[in-house]
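Here's a quick briefing to read alongside the model. Have the viewer open and follow along.

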Amino acid sequence: MKQEGKQAIWSEYQKEIADDKYFYVRSCIRQNFFPGSEVAFLRILRDVLKKDVYEHPCHTTCSGIGYHSDVVPVETAMTVVARQFALMTEAGYTNYVPSCITSFGLYTEIIETWHHFPEVEEKVRQKLKEATGREFEIPGNLAHASDIIYKFRKEIAAKAKFKLINKNTGEPLKVVDHIGCHYAKMFPSKGVGGAEYPYVLAGMIEEWGGQVIDYPERRHCCGFGFRQYLVQANRGFSVACSKEKFESMKPFKPDMIITNCPGCPMFLDRWQYVINEMEGTRYGQNGEGIPVFTYEEVAGLVLGFDPWDLGLQMHQTDCEPLLDKIGIEYSPEDKYNTTVNSLSEKHSSLINV
Amino acid sequence: MEKFGFFISKGRQINYDSNDRSIAEYIYEREPSFRRCIECGGCSATCTTGSMTKFSLRELHILIKRGENDKVMESLKKCMLCGKCILVCPRGVNTRNIVVLAKQAFQKSAAYAI
Amino acid sequence: MSKHVVVIGGGVAGLEAAGRLSREGLDVSLLEKDSITGGHLNRWFKLFPDRRDSSEVKDYLEGLTHANNVKLFTNVTIEKLNRDKDHFSVLTNDGKELIADAVVVATGFDLFKSSRKEEYGYGIYDNVITSADLEDMFRKGEITAADGTVPKKIGIVHCVGSRDEKAGNLYCSKLCCVTAVKQAIEIREHYPESTLFCFYMDMRMGGAYYEEMYREAQEVWSVNFIRGKVSEASETIDKKVVIKVEDTLAGRPLKMTLDLLILMAGMEMSEGGIKLAGLAGLKTGDNRFFEATDHHFGSNKSNVEGLFYAGTCTSPMNITETISHARAAVSEVVDYLKNS
Amino acid sequence: MQFDPFVIPFNIGLNFILLYTVIRCVVWFRGLSRADKLRMQRGFFGTPFAQSLREIFLESLLHRKILKTNFRLGYMHMSLAFGWFLLIFFGTIEADVFGTRHLNAPYRAIFFRFFNPEHGRMGFESVYGFLMDLILAFVLSGLFLAIIKRFYSRIVGMKKTTRLKPSDKVALTALWLIFPSRLLAESFTCGAYGTGSFLTGTLGSWLASFLPAQQLAYPFWWLYSLSLGTFFILLPVTRYMHIPTELFLIFMRNSGIKTGDKTGSYSEVEVFSCSSCGICIDTCQLNTSAGITNIQSAYLMKAIRNNSNVAEIAHNCLMCGRCDQVCPVGIELSPIRMIQRRAGENDIAYKNTYKDYFRTRQITASEKPDISPVYNFLPEVNPDKADVLYFAGCMTHLTPSIKNSMVRILEASGLNYKFIDEDGGACCGRPLMLAGQDREARELINYNSQLIWKSGAQTLVTSCPICYKVFRESYYLDVEVLHHSQFIKNLIDEDIVKLNFLRKRVVYHTPCDLGRGSGVYNEPKEVLTHISRLEKSKFEDDKSLCCGGSLANMKIGSQKRSLIARDAAAELTRTSPDILATACPLCKKTFSSATTTRVADIAELVAEALIVSSVKRSTNKKIFSAKELAAIS
């Protein structure tokens, strides 16, 4: 692997990312699968980086999940998206930051479509006006939440309490970065580092002390694929995709996987359990699984957040071995005992950093 | 074990690295014209058997060459050796001998013993 | 007083045109951007289909120009090219101004930059090389993987940068197939224990004796041909290359680990040509090559009177065609000068 | 002097070979089926015995067949075999008449001169000596040719000669030494005693003039005896075993025994009767056109004898049957080859139970061959009733002009016919049989038979000699099977179709499976005579060439096939005929790409010659039923 080759490509795929005043929209799935991650994002931006992040209470699904499951027509999706943009416009923001990769993909796709087919945009504006009376501006800057963390990776590194380093050996942790398919595969120029060698997560890993693992099935989908998972009979295909990735990354002995998509951490995490139950195979070291994290969780860990505040207890593949490797302290008995009160207490302590 | 209501799918991908190509090697050694095939499909188009049932010598050629041998023998048996394929082959591939050799190879190979 | 013709580009077409023009009794200046003439011939080792040494062709071409007293200017690029009345004024980077009665443009082609096909990882993966890199190895007489070992399993990807909308080139470079076959045979000759795989979309073996070479590659050299466009390459922990391709004839996706992957880079309009087109207002086609005034009987004629094209600056050509095209350009020039 | 130690090698050899031959014949006899044993017993006491003696004299001694095909080669064989026989015959008489006593042991006749050095000085003795010298000279002339043939086979009119294995070489050297050593031994003895006739006497006295003849004679008698003994001892492991075996074969054949379809005593005797004379090699087009010189029948016989590489040889043959026609020993070469092809298949189907027994001490369970039907995808068909069935055959479907011509002829005939494989039917089964896969072939035969029975037809016409042969030989059909040439001949004879004269010069190529394979030689030629000017080629009837396209050969590729086709077509078109006619779709297709002369099937020419207007076009009403037609013809 020639790093300079990759750097040449990364330098070609740099995107503009706004540096403040974000209109943040949550993800349908992530709020349920990894609720700690979005909270952590807000804490990092507001409390650690002191940025202005606005959340609108009337925000709904972008309908991308229905669009990609073939149940929502594109015109409907466009109008729903137009409404989200209207909320942003009404709130006085122009920098749109979705938490979900599929939303990001859908927004990109729709904005691009409108660019090429202004008459469609005109029609959507008209329909939105008729239905809701709202009007919208196309976001001045559209960046995925992981782009924001990527942008501030150095600031986070500067405030880091931990590095992605095995404290026992002093070696960097071997980290697999998995990028959601809808991040850059549709529009390579819209992703940091492009579609073939995305840099958005790799940049964080490098900055925070880890070593990026580039394995043969890096580009492969996690297997979520909407329809593949939603229909139970198809789940065998979904799990087979994850399995292919695990088999491929296994020789590299990764310490952890980091992802930027709602579905990927879910499936890379849960399918490890399923594969172990069905075939008795585990892919991590010492007969353990490979812990899977969202980028917010990793950022939070690096900044010294409490693992249980980050929602790591929601993971099916245990994350404790990794915490031990990094040297992060945690209380095992608190794992499932977290209360809202204790959370807010810890917040205040953190904000004073 | 059907614990979750589904099985882990086996991919359709040909894994060339791990596939067994001994059948192909057996044929290559004895009938070098096997290498000349350009997969034009002439043989399958004229095939007496192919007109009555799903049987494509062209496809079998490829599957043997890739080491996807699992269902090839079953198919090979359907050939009547009538020889029309030889007459249409633009590359002079000795197709009948390939069928005979492939059957031989399968029968000799312990891995595919019936 | 004999008339003066400037030939731009000292590759196959330029050398042939310059030599022949000079033989016609014209005063010829040959401008070459490199320090030596010969163009792509300098990089290629053996030529298809007869596998002769490229230096033989180069010797012939350079012999032709030397014997006919062509004025050669090397390390020269063109800064200005204007037509005033019935003369051309050619201004070079070293400040010379050449006044010519006619100009022959023979700026040739550039090889497609394989790193643009990011999914193949050229410049990133250790063991992904191009057809041109392989020719360098042939010249050295040693084909090795990045770690110096002898590659056993070698893949060749056809149509890299050709017939590919994503690469911006809709056309077929037409010589990559035969180059792939030639190189596959050469590798097998060099390492009889190696196994070769050619991944092709179509085998376009249109030239004289090309198809015969293809047959020979299959029959004598046991080269395996798999029909399908390689979709992606990646690297294993031991630096081998894993490729994914659909074996379209089996109707199944296929995965294979290779010790070395060779990309058959296609032909593109040269950067020098594009620059020249801008300077002189020359028409280029959708494929970015110079557009001749007529496909059938004006393939040397440009939209500027007195300026003619020779060789691969108009479309991909093999050496035979390039030389023929250059000779045709010569006859166009002679014809033009006679009547002007 | 009655005995000398030097005769011991000869005596041992002779006794050994006699005993061996007797035992071998007994074993072979016991291996025969009951019916064949009876045949042989009956034959031994009947006319076949006399026939056999006659044949032995004509073929084994005089080599009449070889003499007819190739005089020089025939002379070589004759001089060695017949000459040696005469030497023994007259030698025995000589010993009996002139020796000290009657009824001598064989060695006393063979080494007569040694024991009677003074013999031959006067009168009748010298005349007899002259005769013996003459015979020896006769044998030596053959030996001279044989030695030359070994190194320059063309001199005796052979393009190729057989290759030898080591034991053959030793035996051959011994054989070559026998007669020169006899000549020298006798000459030295005669030289010493001043006896001998024109050969031994002259040579003897000349040698004695400068050599100590008395002392040198004895070593040469030893050499003579040793070479005889060595030759006899080696006989069973060499090709020369054919000498005694052939006699037995002739008796068996004249008793009416046939090769059959499995290895048996008779086929074994045939294999051992092959003298490797190499005539089959010279006849074989794979040799003469394609340069393949290791698969001919002589090599097959050798491979079977030596148990080596039989399968590869057995399948590399066009099965044109040309070698069967010329084999001077009359071995049924093609049936033996077919046995080997089938045997190859069985080897695979039945795994040897005792394989590796001595290593593992375990008998592996014998695996039953897979006998589940493989062609069960064939559709069940209920054909319309018809009197005449037309079965074009797979190959004919690739030569649509033949198929269309036959349809025109059938239409013109007004017969109630049905084209059963119009949309492509199942294969006839012969290609599978030729590959040795009889079981699979039987499935197709059963399928087609059902089809034919269901149609209720009485006549089955096919355009393809391959199909024709298998329909006749391997189908159990209650219908008359006709090749289309025979069918057309009937139509002409019965005036059912009227034909123009085409005014073309035509050479007819007899397809292998139709001619040598099925014995149909005349009908196609009569049809052609009716419509064109038929000219003769050098390769008429059973001498006809193979086109090279034969399905029987599994091994050769298209290049070799076209070499054969080109040579054959060139021979056949030597007189520049307008048309090269044949009666086989495969021959037509093969020749078409091998010559610029127009190649046409008989059916095509007949269809061209058809006078349509004169035909009563009653498509539904039949003019003749097929049975009537058959009865007439």
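What follows covers confidence first, then the chain contact, then the domains and a sheet.

This is a predicted model, where local features need pLDDT of at least 70, side-chain atom pairs count only at pLDDT 80 or more, and totals for chains, interfaces and linings use all residues. Residues are numbered from 1 along each chain as its sequence is written, while chains are lettered from A and ligands numbered from 1 in the order in which they are written.

**Confidence**

- The predictor hands the complex an ipTM of 0.85 and a pTM of 0.86.
- Chain C has an average pLDDT of 95, with 100% of its residues scoring at least 70; pLDDT is the predictor's confidence in each residue, from 0 to 100.

**Where chain C meets chain B**

- The contact draws 14 residues from chain C and 14 residues from chain B (two residues are in contact if their C-beta atoms, placed from the backbone, lie within 7 Å).
- On the side of chain C that touches chain B, helix 5 (210-219) and strand 17 (252-258) of chain C are the elements giving two or more residues. Helices (H or I, at least four residues) and strands (E, at least two) are DSSP runs, numbered from the N terminus.
- Strand 17 of chain C gives the most to that side, with six residues.
- Sorted by class, the side of chain C that touches chain B has five nonpolar, three polar and six charged residues. Here Ala, Val, Leu, Ile, Met, Phe, Trp, Tyr, Cys and Pro count as nonpolar, Asp, Glu, Lys and Arg as charged, and the others, Gly among them, as polar.
- Strand 17 of chain C also runs parallel to strand 1 (residues 14-15) of chain B, and two bridges join them; strands pair if DSSP finds at least two bridges between them.
- To spot this pairing, look for Asn15(B), whose bridge partner in strand 17 of chain C is Lys255(C).

**Two domains in chain A**

- Chain A is assigned domain 1 (19-145) and domain 2 (151-351), with bounds that come from an automatic or database domain assignment.
- The C-alpha centres of these two domains of chain A lie 25 Å apart.
- Their contact takes 27 residues from domain 1 of chain A and 32 residues from domain 2 of chain A.
- On the domain 1 side, helix 2 (28-33), helix 3 (35-48), helix 4 (64-68) and helix 6 (101-116) of chain A each supply at least two residues.
- Helix 3 of chain A brings the largest share of that side, eight residues.

**A sheet in chain A**

- Four strands of chain A make an open sheet in the order 6-5-7-8, with parallel pairing.
- Strand 6 (211-213) and strand 8 (292-294) of chain A each have a single partner strand, so one side of each is left without a neighbour in the sheet.
- From one strand to the next, the twist averages 40 degrees.
- Strand 5 (residues 174-178) and strand 7 (residues 256-259) of chain A pair over four bridges, and His178(A) has Thr259(A) as its bridge partner in strand 7 of chain A.
- Helix 14 (residues 263-279) of chain A lies across strand 5, strand 7 and strand 8 of chain A, at about 165 degrees to strand 8 of chain A. Axes are lines fitted to C-alpha atoms, for helices over the stretch in contact, and angles run from 0 to 180 degrees between N-to-C directions.

**Two domains in chain C**

- Chain C is assigned domain 1 (4-108 + 270-339) and domain 2 (114-267).
- Their C-alpha centres lie 31 Å apart.
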